[in-house]
Amino acid sequence: MTKRVLILGGRGRIGSSVAKDLLTHTQAEVTITGRTPGNRTGDSRVQHLVLDLADVEKLKKAIASTDLVVHCAGPFHYRDANVLKICIEHGVNYVDVSDHRSYTSKALIYNDAAVSAGVTAIVNTGIFPGISNSMVRQGVEQFDTPEKIHLSYLVSGSGGAGVTVMRTTFLGLQQPIEAWIDGKWQTVKPYSQRENLDFPPPYGRSGVYWFDMPETFTLPHAFPSVKTVITKFGSVPDFYNHLTWIAAHIFPKQLMQQKSAIEFLAHVSHFMTDVTNPFSGIGVTVRSEITGQKDDKIATFCSTLVHENTAVASGCGTGSIAQLLLDGKLKKPGVSPVEEALPTDLFEQTMQSRSIDISHEWL
């Protein structure tokens, strides 16, 4: 029987990348939602549905008639967990590309309800968070006792994504970050403590800064022996980092709390990346560094990934999870971040099938 997938926010750059991945790697029928009618693709497996998440009755009807919901309608800073709640009520599996701890916290509250309903709900499944989390799990499994996780991300220009990603960046500057450092929760300023790290070509040595990500608090839960989790982010070209730093540290806090200011900064930034994308590209690189005890010695294991299109990479991360759920290869009732739900062997298989190469080295 043909499986049916409902992609909420499927007409955005990331949502459309997820749809393309599913159409390539599964036989599923895909319904893509948006607030306005979509263009016909000529693919008989694709349908379009006009849907606003505020229309709860229409949303419930759409969810009830599908096998899997993929939630791509960000930014998730503004979202409640109503879509997940409805999925649980209707016994429908759920995946999302959420990327903010406030939303992840709301989703995890429904863990027991999902377990009771036999629903597998996996959050944070894109590129970062997402593939990055699985790279961490892959690294952690190399150790007797992992002690420190250092995750760093670099995005070129717009990353091939829409203005929503720009909103997400500036929304991430609004609040101090609660980070797990030396076995206790400590407060860190957003976009602070620049660190110059070596990334694979074409990036080389580049700067990254503290950035609020769900991994900051989900990874300590997944790997209890770890005493420090660092999540840092940077942009290429480097002058975008300096502009973001100014927004985080110089702009009045009251201004950064206003939705109109976020919208203005997001649209200006997106216009600027339209100019620089032809020179910088729209790729992404992820660097996962794990330090811990191995054979009674302290060791460090580093994994890196490079992809030429950030939005496509995110589609691969989410699409691979969706594929495994549709195929019945992944089943974990409850609400879980990807690092707790996805075994490393399945992660490696899906990455290989998408020609995503992850390099490893002991430092």
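Mentor: One cut-off to begin with: a residue counts as buried if its relative accessible area is under 20%. Keep in mind that this is a predicted model.

Trainee: What share of the residues counts as buried, then?

Mentor: Of the 363 residues of the protein, 57% are buried. The accessible surface is about 15600 Å², and carbon and sulfur atoms make up 52% of that.

Trainee: How many helices and strands are there?

Mentor: The protein has 14 helices and 16 strands. Its radius of gyration is 20 Å, close to the 21 Å from the globule rule for 363 residues, so the protein is as compact as a globular protein of that length. Along the principal axes, the C-alpha atoms fill a box of roughly 50 × 50 × 35 Å.

Trainee: And what part of the contacts comes from residues 24 or more positions apart?

Mentor: Such pairs account for 73% of the contacts with a separation of 6 or more.

Trainee: Switching to the sheet. What is the strand order?

Mentor: The open sheet has 7 strands, in the order β10-β11-β12-β7-β13-β14-β16, with mixed pairing. β10 (195-199) and β16 (358-362) are the edge strands, each pairing on one side only. Ignoring direction, neighbouring strands are turned by 25° against each other on average.

Trainee: Which way do β12's neighbours run, parallel or antiparallel?

Mentor: One of each. β7 and β12 run parallel and are joined by 9 bridges, with Thr228 as the bridge partner of Lys148. Strand β11 (residues 204-210) runs antiparallel to β12, with 2 bridges between them. There, Trp210 stands opposite Lys232.

Trainee: And the other end of the sheet, β14 and β16?

Mentor: Those two are antiparallel: 5 bridges join β14 (residues 297-307) to β16. Phe301 stands opposite Trp362 of β16.

Trainee: Back to β12. Is it mostly covered or open?

Mentor: Mostly covered, with 8 of its 9 residues buried. Thr231 sits in this strand. Its relative accessible area is 0%, which is under 20%, so Thr231 counts as buried.

Trainee: What does the Thr231 side chain reach?

Mentor: It reaches the backbone oxygen of Phe211 at 3.0 Å. The side chain of Thr231 also makes a polar contact of 2.9 Å with the side chain of Thr216.

Trainee: What else is Thr231 in contact with?

Mentor: Beyond neighbours within four places in sequence, the contacts of Thr231 include Leu151, Tyr209, Trp210, Met213 and Glu215.

Trainee: Another residue: where is Asn241, and is it buried or exposed?

Mentor: Asn241 lies in helix α9 (residues 239-249). It is buried, at a relative accessible area of 0%.

Trainee: Which side chain does the Asn241 side chain make a polar contact with?

Mentor: That of Tyr191, at 2.8 Å. Apart from neighbours within four places in sequence, Asn241 is in contact with Tyr191, Arg194, Gly207, Tyr209, Gly234 and Ser235.

Technical notes. Residues are numbered from 1 along each chain as its sequence is written. This is a predicted model: local features need pLDDT of at least 70, side-chain atom pairs count only at pLDDT 80 or more; totals for chains, interfaces and linings use all residues. Side-chain values use heavy atoms; hydrogens and water are left out. Two strands pair if DSSP finds at least two bridges between them. Helices (H or I, at least four residues) and strands (E, at least two) are DSSP runs, numbered from the N terminus. Axes are lines fitted to C-alpha atoms, for helices over the stretch in contact, and angles run from 0 to 180 degrees between N-to-C directions. Buried means under 20% relative accessible area, exposed over 50%, partly exposed in between (1.4 Å probe, protein chains only). A polar contact is a pair of N or O atoms within 3.5 Å; within protein, one must be able to donate a hydrogen and the other to accept it, and residues adjacent in sequence count only if both atoms are side-chain atoms. Contact means heavy atoms within 4.5 Å. The radius of gyration is taken over C-alpha atoms; the globule rule is 2.2 Å times the number of residues to the power 0.38. Accessible areas come from the Shrake-Rupley method with a 1.4 Å probe; for residues, only the protein chains shown count as cover.
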